[in-house]
Amino acid sequence: MPTKKLTDLFVERVKPPPRGRVEYFDAVFGSLALRVTETGHKSWSLYYRMGKRLRRFTIGNYPAIKPAQARREASAALERVRQGIDPSEEKRQRRLTDPPEADTFESALQDYLDRARRNMAPNTFKEAKRVLEREFLPSWRSRPIGGLTRGDVNRVIDAIAARGAEVQANRALAHIRAFFNWTVERGRIAVSPVAGMKPPTKERPRDRVLSDDEIRWLWEACGVVGWPFGPLVKLLILTAQRRDEVGGIERPELDLEKQIWTMPRGKAKNDRVHEVQLSTAAMDILSTVPRVGDGFVFTSTGTTPVSGFSRAKSRLDAEMVKARRRSLGLPEDNKAYREAIGLALDKPLPVEIPHWILHDLRRTAATGMARLNFPPHVVDKVLNHVSGTIRGVAAVYNRFEYLEERRAALETWGRYISNLVAPVPANVVALRA
């Protein structure tokens, strides 16, 4: 472990490690350490021995506790060790008998996130951290976790729902429920304030599937929007994988000779390695992608995956509308379009393409493969669903991955899309190789 003089400036500016955590021992007070995690959380610890056993006593978090105060707290704790008193055990007993005023939401949340990072898939952890820190931390930062009530939770959840984000309110409740369950398991509170609390909104499963015409218009829009979101969205259609999974493809994951993309377990939503068979149509898309470094396929920096999906989706929507109008022989310009359909300038334009989201492309592909007579258990494997049509005891015993069947499904779906967006004239016969 590195030894540093833990000054105010050093502690403020020290960067988090890329993974895990690192501890810096104080050059002034040798058994005092600053622990820095990859999430940026900084805390003070004292290492000492009780008999032959090495113990660690957590003093508190930075910036609530500065270096000078941390040294004073460490010195006081060592004095108790010399008196034969174990400060860690003393602190544990105090938590069991005293009101938890010192255990604030902020400190408990940081401990929860440090552990969640090791147990959650990266994307799941990223979303949990974002929601908890954005929705709950500002209001509860210094509140004792033992003093938080169901009313406190309801006020936050109701505020989220009131701004129109009803589904997000459900997700926020799920994340805070997991946090409180963890605090109960760790003995930091006795009862979760959200136990038995129901989601504020009854969600309806999305069932939006794009029609063949809409796929054709979207494909045209992708060509207009171009790199990087044009080819990325085309791959979403052809592979049936999730947005962030396709957006986060790295070149070492691709075996272009075997036409396979191997998704590492840390990137897949269900935390297991997933093999995606790349159809001829998908390979054609990948062959057009410019190379920006040896890391991410869809990137502008070479070191981070592409971002800005919301803006790209808005551009795709606008270009889809234009493609639809072209297919009907109508003007693309809004004013000329109004005149063509006899709509007054003070009247709102009609909804020309029903609302859809990028995740609907995954359902569209699954529906398309089923329509092409591929069985549900093969489509489930393509989608990397854990609890699909084969479940329970059957899932335990049936470990077959249906790799060839998956390849056939994706290849057939790719040919269907290729013919849909660029149909071969009826009087053209393909030459045999």
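The following questions and answers concern a predicted model.

Reader: What is the mean pLDDT of the chain?
Author: Of the residues in this predicted chain, 92% reach a pLDDT of 70 or more. The mean pLDDT of the chain is 87.

Reader: How are helices H4 and H5 oriented, roughly parallel or roughly antiparallel?
Author: Helix H4 covers residues 105-119 and helix H5 covers residues 122-140. Their axes come within 11 Å and cross at roughly 180°. Angles over 145 degrees count as roughly antiparallel. H4 is therefore, relative to H5, roughly antiparallel.

Reader: How many nonpolar residues are in the contact of H4 with H5?
Author: H4 contributes residues including Phe105, Leu109 and Leu113, and H5 contributes residues including Phe125, Leu132 and Trp140. By class, the contact has one polar and four charged residues, and its nonpolar residues number ten.

Reader: Which residue in the turn between E3 and E4 has a positive phi?
Author: Strand E3 (residues 32-37) runs antiparallel to E4, with five bridges joining them. Val36 stands opposite Lys42 in E4. The two strands form a hairpin with four residues between them, and the turn residue with a positive phi of about 90° is Gly40.

Reader: What is the bridge partner of Leu46 in E5?
Author: Strand E4 (residues 42-50) has seven of its nine residues buried. Nine bridges join E4 to the antiparallel strand E5, residues 53-62. In E5, the partner of Leu46 is Phe57.

How values were computed:
Residues numbered from 1 in each chain as written. Predicted model: local features only at pLDDT ≥ 70, side-chain atom pairs only at ≥ 80, totals over all residues. Heavy atoms only, no water. Axes fitted to C-alpha atoms, helices over the stretch in contact; angles between N-to-C directions. Parallel < 35°, antiparallel > 145°, perpendicular 65-115°, else oblique. Contact = heavy atoms within 4.5 Å. Nonpolar A, V, L, I, M, F, W, Y, C, P; charged D, E, K, R; others polar. pLDDT = per-residue confidence, 0-100. Buried < 20%, exposed > 50% of the residue type's maximum accessible area, 1.4 Å probe, protein only. Pairing = 2+ DSSP bridges.
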